Amino acid sequence: MTVSVMVVDDHPMWRDGVARDLGERGFDVRATAADGPSAVRIARTVQPDVVLMDLNLAGSSGVDATRQLTGELPGTRVLVLSASGDHDDVLEAVKAGASGYLVKSASVEELVDAVTRTAAGDTVFTAGLAGLVLGEYRRMAAAPEGDEQAPKLTDRETEVLRLVAKGLTARQIADKLVLSHRTVENHVQNTLRKLQLHNRVELARYAIEHGLDQEPDA
Amino acid sequence: MRAERSVLTRDPVTPMWVGTAGLRVLTYLFALAAVIVHHDDYARPTLGWIVLGAMTVWTVFATAANLAEWGRRPIGAIADVLVTSVLVASSAWILTPAQHAAITPLVTTVWASVPPVAAGVVGGRVAGVAGGLVVAVANGIARQAINTDVVRDAVLLIAAGLLIGMASTAVRRSDERLRLALRAEAATAERERLARSIHDSVLQVLARVRRRGSEVGGEAGEIGRLAGEQEVALRSLVSTTAPESNADGTSDVRPHLQMLASGRVQVSAPATPVMLPAPVVVELAWLVREALENVHKHAGPSARAWVLLEDVGDEVVVSVRDDGVGIAPGRLDAAAQQGRMGVARSIRGRVDDLGGTITLETAPDAGTEWEVRLPRAAEPVPTRWRALMNRLTRRDGGARA
């Protein structure tokens, strides 16, 4: 089955280059977009399997677009493809529902592999993202007014996430911990899913507390 | 833009000069009134009017000089003090002995207090006190006595010079700090502008060269690889915030490590700052740089490295892992002779000094991994205990072999 893709980036040279690279390798590039709002609008129509999302969009936030896309389109997965430096944004995008993160300096082969895996429902973790997620769990655990509902990592999940952060591949981790490849993938995916679920609960709680869940009167 | 420049170029004590000029005119009017009231009883009324004339000229000149920037120099303040002192002392010949005895005001009255104030504004508390002292001596000469009134005037004159001098120094210091802050802000803004511009232009081109180069292969592939290395280095350079220390002497470890990222080195860290005392951060960055240098030298040409920074509450953990050739058990001695273990030993020494622990894991073809653990509050563990703990926790290739 052909994987359909949409590329969101505000730099035409990069956007068209990535679109061509993927097109040449058999992906169905349905659309490209230069900013968040038009990405959301176009994606509603073309319903791509995977959206490649840059977070540094001129005049709009890739994080907000990610939140809208994953909220509205259950069949669409967002893979963040961004510069290595936007640490806070990457974490926010992943909490908002992105399935993975790849640095822009990744090779075409890595990109093709990441898009394929994202379409198949896997998470795409770089060492950098693992470090951010690990840090986020530790931050929540160390928060002074301990949030009862804050998700926690199991010892095994912590172990797996640390190895990802140290650059080991899922295969290497499976060998080292004597687990199946699939189990390692599941552990990684769980860490992300718990974070995303917690984020949605937090957003809903915030909305209720501030009366944002009610319809405006007029 | 104009507002910023005026802050950077204006004289910070200008308001104090305006105040000084106002004080001079006001006290001159006071002196004028005093002469009108008392001149009939003066021993030499003509000399009194001449001195008042000189005061008029000097008031006009000094006020104009203080309001214009050219008149705010030390030489101006010295002339001010000397001219005024001469005019103060001249009252010795103008007032009658009876007037001196009755503490009739001198011709100069409180007008004499202005030069110590001006000296304080120019040169701080030392100049202010000196100016007050000179005018106080002239006051003593005018009265030809040292009595309670002369001493009281001296204390007031010196105190005025001292306080205004301290105030002008404080104003200049805080202005200097403001200038530094504005300059730092301007530098940050400029840095962000550069980063945006680099991100929008150079990085896009480098990324395309890398991707096309690797597709074409051959020599173009080599060019693409070089472009890719520069792309990664430039990205981490423009996205890393400048390492800075906080007011409490701690500093964020992350920027120090993120600067070490390159095409072969990936740095992972939390999204929130990891604070440690600034000197510890510098040492830690040194350790990681040494470890990466070691990887570069010994792990093989294609080895990649990963740096992971973790904040586990009471400890900060830094791991440096590479996927290079590792160290075969039999090669440990040879490695020691090559100097490789020398680096390891010097890294260990530094970690000991910081009160931390270090472990090294390695096996043939499985790379090496350093893990440094530093306690948050650097507890003063006795060196011998620390050495013993290190021996217990050490798990290097030698122990495993």
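Visitor: What makes the pair B:Glu371 and A:Lys166 a salt bridge?

Guide: Happy to start there, with a reminder that this is a predicted model. The closest N and O atoms of B:Glu371 and A:Lys166 are 3.5 Å apart. The rule asks for a side-chain nitrogen of Lys or Arg within 4 Å of a carboxyl oxygen of Asp or Glu, so this pair counts as a salt bridge.

Visitor: How many salt bridges does the rule find across the interface of chain A and chain B?

Guide: The rule finds seven salt bridges there. Polar contacts are counted too: between chain A and chain B, eleven residue pairs are in polar contact, with both residues at pLDDT 80 or more.

Visitor: Which elements give two or more residues to the side of chain A that touches chain B?

Guide: They are helix H1 (12–24), helix H4 (87–95), helix H5 (108–119), helix H6 (127–142) and helix H7 (155–165) of chain A. H6(A) gives the most, with eight residues. By residue type, this side of chain A divides into 13 nonpolar, 13 polar and eleven charged.

Visitor: How do you know what area is buried between chain A and chain B?

Guide: The size of an interface is often given as the accessible area lost when the parts come together. Here that area is about 2,900 Å², and carbon and sulfur atoms give 51% of it. In terms of contacts, 37 residues of chain A meet 34 residues of chain B.

Visitor: Why is B:Arg210 called buried?

Guide: The relative accessible area of B:Arg210 is 9%. Buried means under 20%, so B:Arg210 falls in that class. This residue is found in helix H9 (residues 202–216) of chain B.

Visitor: Which residues is B:Arg210 in contact with, leaving aside its neighbours within four places in sequence?

Guide: Its partners come from both chains: A:Trp14, A:Lys104, A:Ser105, A:Ala106 and A:Ser107, together with B:Gly224, B:Ala227, B:Gly228 and B:Glu231.

Visitor: What makes the pair B:Arg210 and B:Glu231 a polar contact?

Guide: Their side chains are joined at 2.7 Å. A polar contact needs N or O atoms within 3.5 Å, so the pair passes the distance test.

Visitor: Is B:Gln144 buried or exposed?

Guide: B:Gln144 has a relative accessible area of 60%. Exposed means over 50%, so B:Gln144 is exposed. Its place is in the loop between H7 and helix H8 (148–200) of chain B. B:Gln144 also has a positive phi of about 55°, although it is not a glycine.

Visitor: Why is B:Ile103 said to count as partly exposed?

Guide: B:Ile103 has 33% relative accessibility. Phi of B:Ile103 is near 55°, a positive value in a residue other than glycine.

Visitor: Where does UniProt list "transmembrane region" in chain B?

Guide: The unreviewed UniProt entry lists residues 21–37, 49–68, 75–96, 116–142 and 154–171 of chain B. In the model, residues 21–37 are 100% helix and 0% strand, with end C-alpha atoms 25 Å apart. Residues 75–96 are 86% helix and 0% strand, and their end C-alpha atoms lie 34 Å apart.

Visitor: How many helices and strands are in chain A?

Guide: Chain A has nine helices and seven strands, and 54% of its 218 residues count as buried. Chain B comes to 16 helices and seven strands, with buried residues making up 45% of its 401 residues.

Key. Residues are numbered from 1 along each chain as its sequence is written. Chains are lettered from A and ligands numbered from 1 in the order in which they are written. This is a predicted model: local features need pLDDT of at least 70, side-chain atom pairs count only at pLDDT 80 or more; totals for chains, interfaces and linings use all residues. Side-chain values use heavy atoms; hydrogens and water are left out. UniProt positions are given in the numbering used here, feature names are shortened, and annotations may be inferred rather than shown by experiment. Helices (H or I, at least four residues) and strands (E, at least two) are DSSP runs, numbered from the N terminus. Contact means heavy atoms within 4.5 Å. Buried area is the accessible area (1.4 Å probe) that two parts lose on being put together, summed over both. A polar contact is a pair of N or O atoms within 3.5 Å; within protein, one must be able to donate a hydrogen and the other to accept it, and residues adjacent in sequence count only if both atoms are side-chain atoms. Ala, Val, Leu, Ile, Met, Phe, Trp, Tyr, Cys and Pro count as nonpolar, Asp, Glu, Lys and Arg as charged, and the others, Gly among them, as polar. Buried means under 20% relative accessible area, exposed over 50%, partly exposed in between (1.4 Å probe, protein chains only).
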